[in-house]
Amino acid sequence: MSGSYTQSPLFRGMTEEEIELCLKEAKADIVGFRKGEMIFNQGDTPRYITMLIEGSVSIGNDSMSGKRSILGMFSNPGELFGEVFLFLNYNEYVNYAYAGSPSKILEIPKEYLTKPGANSSPLKSKMLSNMLTIFAERTYYLNNRLQVLSCSTLRQKIARFILQNMNERDRVTLKMSREEFADFLNAARPSLSRELMKMQDDGFIKVVRKDLIVKNLEGLKSI
């Protein structure tokens, strides 16, 4: 069952042989999903620690009026999603997850970590320690997301998002569709497209398909 997910933060500090041993003991399995297929729904009972192996996953939530909000997107092998509900002892997911592209998901039965019992081992303890680090990193991500959503204008939201995510070449390659990006920013897609074009016309960025290239860094910081 080995693969690139062995570099997951959940397995930090463990050898490939130790990872394979844990997954065998846990009776973990890899499940395939088609693009757009639900991995779990709002209201489902959390049963697995879910880890992306291949493809991409989006986490969403629908309001009472039916408006969709994208809460997070995952495209790196080894990333966990939905794991917090297992440790909060929630009886159901309050969000849903779907495959953004053909994907493979590693499902680890939650009992392996949440109910170690008398068979606790140093490897399980290491995984639990790694899980605490993952929760801390997730809190940092959510704090950044809150900073974006707390901006008063769409232009400020876009600027803050770019500043948080640009690489060393001063660009952001979106790992989501334009519609999903709009949902992420809690904006309408036409409004997002218009604002991106305005920011390009004003010399702040250049939009090339899914790339947002920074042309005026100081200007973005001042928005």
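This report describes the domain arrangement, helix packing and salt bridges of a predicted model.

**Domains**

The protein is split into domain 1, covering residues 9–116, and domain 2, covering residues 151–222. The centres of the two domains, taken over C-alpha atoms, are separated by 28 Å. Across the boundary, 10 residues of domain 1 are in contact with 8 residues of domain 2. Together the domains bury about 760 Å² between them, and 45% of this area lies on carbon and sulfur atoms. On the side of domain 1, the residues losing the most area to domain 2 are Arg68, Ile70 and Met73, which together account for 59% of what that side buries. Between domain 1 and domain 2 the count of salt bridges is 0.

**Helix packing**

| Helix pair | Angle between axes | Axis separation |
|---|---|---|
| α1 and α4 | roughly 95 degrees | within 11 Å |
| α4 and α5 | about 150 degrees | 8 Å |
| α5 and α7 | about 70 degrees | 10 Å |

Helix α1 spans residues 16–26 and helix α4 spans residues 122–149; their axes cross at roughly 95 degrees. From α1, Glu18, Leu21, Cys22 and Glu25 meet Leu123, Lys124 and Met127 of α4. By class, this contact of α1 with α4 comprises 4 nonpolar and 3 charged residues, with no polar ones.

Helix α4 also packs against α5, with the axes 8 Å apart and an angle of about 150 degrees. An angle over 145 degrees counts as roughly antiparallel, so α4 and α5 are assigned to that class. On the α4 side the contact is formed by Asn144, Gln147, Val148 and Leu149, and on the α5 side by Lys157, Arg160, Phe161 and Gln164. The residues of the contact of α4 with α5 comprise 3 nonpolar, 3 polar and 2 charged.

The contact of α5 with α7 has 6 nonpolar residues, 1 polar residue and 3 charged residues.

**Salt bridges**

The count for the model comes to 7 salt bridges. One of them joins the side chains of Glu137 and Arg12, with an N to O distance of 3.8 Å. This pair links distant parts of the chain: Glu137 belongs to helix α4, whereas Arg12 lies in the segment before α1, and the two are 125 residues apart.

Terms used: Residues numbered from 1 in each chain as written. Predicted model: local features only at pLDDT ≥ 70, side-chain atom pairs only at ≥ 80, totals over all residues. Heavy atoms only, no water. Axes fitted to C-alpha atoms, helices over the stretch in contact; angles between N-to-C directions. Helix = DSSP H or I, 4+ residues; strand = E, 2+ residues; numbered from the N terminus. Nonpolar A, V, L, I, M, F, W, Y, C, P; charged D, E, K, R; others polar. Domains from an automatic or database assignment. Contact = heavy atoms within 4.5 Å. Buried area = accessible area lost by both parts, 1.4 Å probe. Salt bridge = Lys/Arg side-chain N within 4 Å of Asp/Glu carboxyl O. Parallel < 35°, antiparallel > 145°, perpendicular 65-115°, else oblique.
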